[in-house]
Amino acid sequence: MIITSNVSKNFGKLKALDNVSVTCNKGECIALIGPNGSGKTTLAKTILGMVVPDSGFITFNGKNILHDWEYRKNIGYMPQIGRYPENMTIGQVLDMMRDIRKSRDTQTDEELIETFGLHALVNKRMRTLSGGTRQKVSASLAFLFNPSVLILDEPTAGLDPVASGILKEKIVTEKEKGKLILITSHVLSELDDLVTQVIYMQEGKLRFHKTIEALHADTGENQLTRAIASIMSH
Amino acid sequence: MNKIFLLYFLLSLTIPCCIFAETIKVGNGQAITSIQKGIDTAAPGDTVLVAAGSYRQGNITINKPLVLQGLNYPALDGEQKFELISIHSPYVTVDGFLIRNSGHSSMTDISGIKIYNTHHVTVINNILEENYFGIYSQQSKHCTIENNRISATSIATELSGNGIHCWKSDSLHISNNHVKGHRDGIYLEFVTHSLVEKNTILNNLRYGLHFMFAHYNSYINNLFRNNGAGVAVMYTRHVIMKQNRFEDNWGDAAYGLLLKEISDGTIEGNHFNGNTIGIFADGSSRIEMEKNTFKSNGWAIRLQANCMDVKVEKNNFIGNSFDVGTNGSLVLNTFKNNYWDKYEGYDLNKDQVGDIPFRPVSVYSMIVEKNPPAMMLFRSFITSLLDKTEKILPSLTPEDLKDDYPLMKPLAL
Amino acid sequence: MKKIIKYVIADILRNKIVIAYTAFLLVMSLSVFNLEDNTAKGLLSLLNVILLIVPLVSMVFATIYMYNSAEFIELLVSQPLKRKTIWLSLFAGLALSLSLSFFIGAGIPILLYQPSATGIMMLGTGLLLSVIFVAVAILAAVTTRDKAKGIGKVILLWLYFALLFDGLVLFLLFQFADYPLEKAMVAVSALNPIDLSRILILLQLDVSALMGYTGAIFRNFFGTHLGITLSFLTLTVWCVVPLWISMRKFSSKDL
């Protein structure tokens, strides 16, 4: 579904992405992991077209995404830090996004808005919200338009355990609907029960891309954290 | 009986014209239709009364003392060929005519009414339209030109004469006239001891009032509006200028009052309003400017550095773009006790006189003087900044051009 | 596009700085017109406000808004929207709301007190200056990642347009005092929208007579319909070019 071929990106002297080629398919839940500054977020952003690669290309459903924007209709993105026009209320932000992305053939998915209880907060202005509530808004927006691909950048950071649980459940149900889900995270433990594949990055390079089963088999570890740690030490 | 006769006889000698004066009616519907013929038949001292109507009778020459009186403004039309009334005799009065369409000539100064080498002529209550020159006094004395309305609609100066033109004359009294649309409203050349007062002079192509070599004259209470330039006083001594209004003489090289090579003048109680330059003084000396109001002019006064002993005292300067402009650093003139609306000083001892001097020449006006294209920066931030700095640290503006005793409040003028 | 503009404007109009700016302009222009006994003079006093405050506020506000909206822009970019659409919407939102502020704060008093050709000219140039300096500001913002640097940059730009450019002109005038520069000044004025606006307004006020030969040259050029059309075209170029460059920069910008 998403194929990146030899994608490289430099920010000045820093190699954010170095010849990264990955293939992500439907129905997978892929964890994009690696230490801070390893290029996870940059990779997610190149897929979204927010960062333009210096070389290499990315296809989405077989089409090159360069200069294309319509493919993003199929992507829900939850940024690491969601900030919104300060003076707008939650309701207005939701309405605005509905306004921008509305099309006749997509049914909106309001489940997260309800379970997060955002309905009670629709009149709150964005600047008054806590980081956690903003994350809830971001998550709700990512899922709102029933996209076939979800890119979640550190989704559970800042969320309380209850909300975090709700989100994870949501991710699982969406995965089961056959969607592709990309999650970047540096907190490995929380991904244990979600992911089907792991992409591990370090210093802009793709270190490996394996299914979780293969990873377990290779390392003999059941927990993701340990599996990674074991790989790193080799 | 004899005694009485003798008395009559003596009286008739002393007042020859008044008692036995006759009135001769001429013109349309009268026995004599030709005005000239009426004049020719009249005795000295008679009144020739011209009936209303329109006359195309060419030139009318008056060569004896008489009163030529129009009834209901009979119209004398010069058909753009003739001079309408020529006066060659003293004690003539021309009263109540509509005089129009005189001839035009670049050789002789054809006029509506022309007074030739005589004295005690009165031209009063006439309307003059579209004449080359309006009223012309040539080498005449003690003439009165009063209450005439003189207008023309020329567009080029060379095709237009002056409204009231006086040459080599003396002791004239020119008052209450309205002059518009001529080359100069009133022109005085080699005229002395004359008084120009209460005239309204508008929309003339060149100057409202123009002096050339005309000494010992006064002009008082006149209004000069929207002329090429208000008043030009050139090569003249001892002119008194009081209570006049100079308004809206606006345009390139337009002045309210132009002083060129003049000396010993008094300029008092005048109002200069909305002129490009209120007073432009070049090569002038011993001039007293007192109690005038300069309001909303481009430059209130441009005092060229070749002026000497000009005293500027007790004037109001309000809302002018530049208060004083000059072209050099030499200053032989004095400024004292004026009110300047741009003054930002203080008055600690409350004597109504500011404690620090005011420098009316802005550095920007000096810059423009040296480099005219800098006018492009007119009213820009940088020029006001320059002016502010210069006020604190004078370096470019003439050191001595300052008012040491500026007033804190405007004078009631 | 309309939708995003709508939201950007709704957001900006609730901004306290914009409200303060509008109020400031309103108080300023009303007091100027009420204090001066002559409304034409009121316009002249307003001239400096328009030529200095409007560019400054437009630039600084637009820059700060751009930096503060970084995440919002990021959010929009991740949505199925063309970058061009996003950028033009942000620009249009900023330009429209600042123009609206100017119109309410200065335009309405001008129309009430001085609905003359000068007033209209002042209103027109004020609106255009708002738009131009929004365009310049977003160009500065898109080329500078750091917020403090970006704000510093626009303040320098403002200083340049409001002051340094004129200083430079003055310097050159004295350097080349021996040459007839009156006609060149017409071209030079096109290089700075603030100067161009000032001259356009001054010529409407008929102070060209004061400006001597330079004024006559200016009037011959700017006084004609062709001149006014050309000047407004130049001002439009001043909006379009920075906007176009900034849009190109934004299209390939990494967020």
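**Helix α9 of chain C**

I began with α9(C) and noted that twelve of its twelve residues are buried, so the helix is largely enclosed by the rest of the structure; by buried I mean that 20 or more other C-beta atoms, placed from the backbone, lie within 10 Å of a residue's own, while 12 or fewer make it exposed and counts in between make it partly exposed. This is a predicted model, in which local features need pLDDT of at least 70 and side-chain atom pairs count only at pLDDT 80 or more, whereas totals for chains, interfaces and linings use all residues. Residues are numbered from 1 along each chain as its sequence is written, and chains are lettered from A and ligands numbered from 1 in the order in which they are written. I took helices (H or I, at least four residues) and strands (E, at least two) as DSSP runs, numbered from the N terminus.

Among the buried residues of α9(C) I listed C:Pro193, C:Asp195, C:Arg198 and C:Gln204. I then checked the length of helix α9 (residues 193-204) of chain C: at 1.5 Å a residue its twelve residues should span 16 Å, and the end C-alpha atoms are 17 Å apart, which agrees; the expected span is 1.5 Å times one less than the number of residues.

**Its partner, α6**

I looked next at helix α6 (residues 117-143) of chain C, whose axis comes within 9 Å of that of α9(C) and crosses it at roughly 170°; axes are lines fitted to C-alpha atoms, for helices over the stretch in contact, and angles run from 0 to 180 degrees between N-to-C directions. That makes α6(C) roughly antiparallel to α9(C), a label for angles over 145 degrees, where under 35 would be roughly parallel, 65 to 115 roughly perpendicular and the rest oblique. For the contact (C-beta atoms, placed from the backbone, within 7 Å) I noted that α6(C) contributes residues including C:Met121, C:Thr125 and C:Ile132, and α9(C) residues including C:Ser197, C:Leu200 and C:Ile201. By class, this contact has eight nonpolar, four polar and no charged residues, with Ala, Val, Leu, Ile, Met, Phe, Trp, Tyr, Cys and Pro counted as nonpolar, Asp, Glu, Lys and Arg as charged, and the others, Gly among them, as polar.

**The sheet of chain B**

In chain B I counted four helices and 39 strands, and I recorded that the C-alpha trace spans about 90 × 50 × 30 Å along its principal axes. Twelve of the strands form an open sheet with parallel pairing, in an order that runs from β4 to β37; two strands pair if DSSP finds at least two bridges between them. The edge strands, each pairing on one side only, are β4 (60-62) and β37 (322-325) of chain B. Neighbouring strands of this sheet are turned by 10° against each other on average, direction ignored. At one end I found three bridges joining strand β34 (residues 299-303) of chain B to β37(B), with B:Arg302 standing opposite B:Gly325 in β37(B).

**B:His120**

I placed B:His120 in the loop between β10 (111-116) and β11 (122-124) of chain B, where it is partly exposed, with 16 other C-beta atoms within 10 Å. Not counting residues up to four places away in sequence, B:His120 touches B:Pro90, B:Tyr91, B:His142 and B:Cys143.

**Between chains**

Of the two pairs of chains in contact, I noted that chains B and C share the most contacts, while chain A and chain B do not touch, their nearest C-alpha atoms being 36 Å apart.
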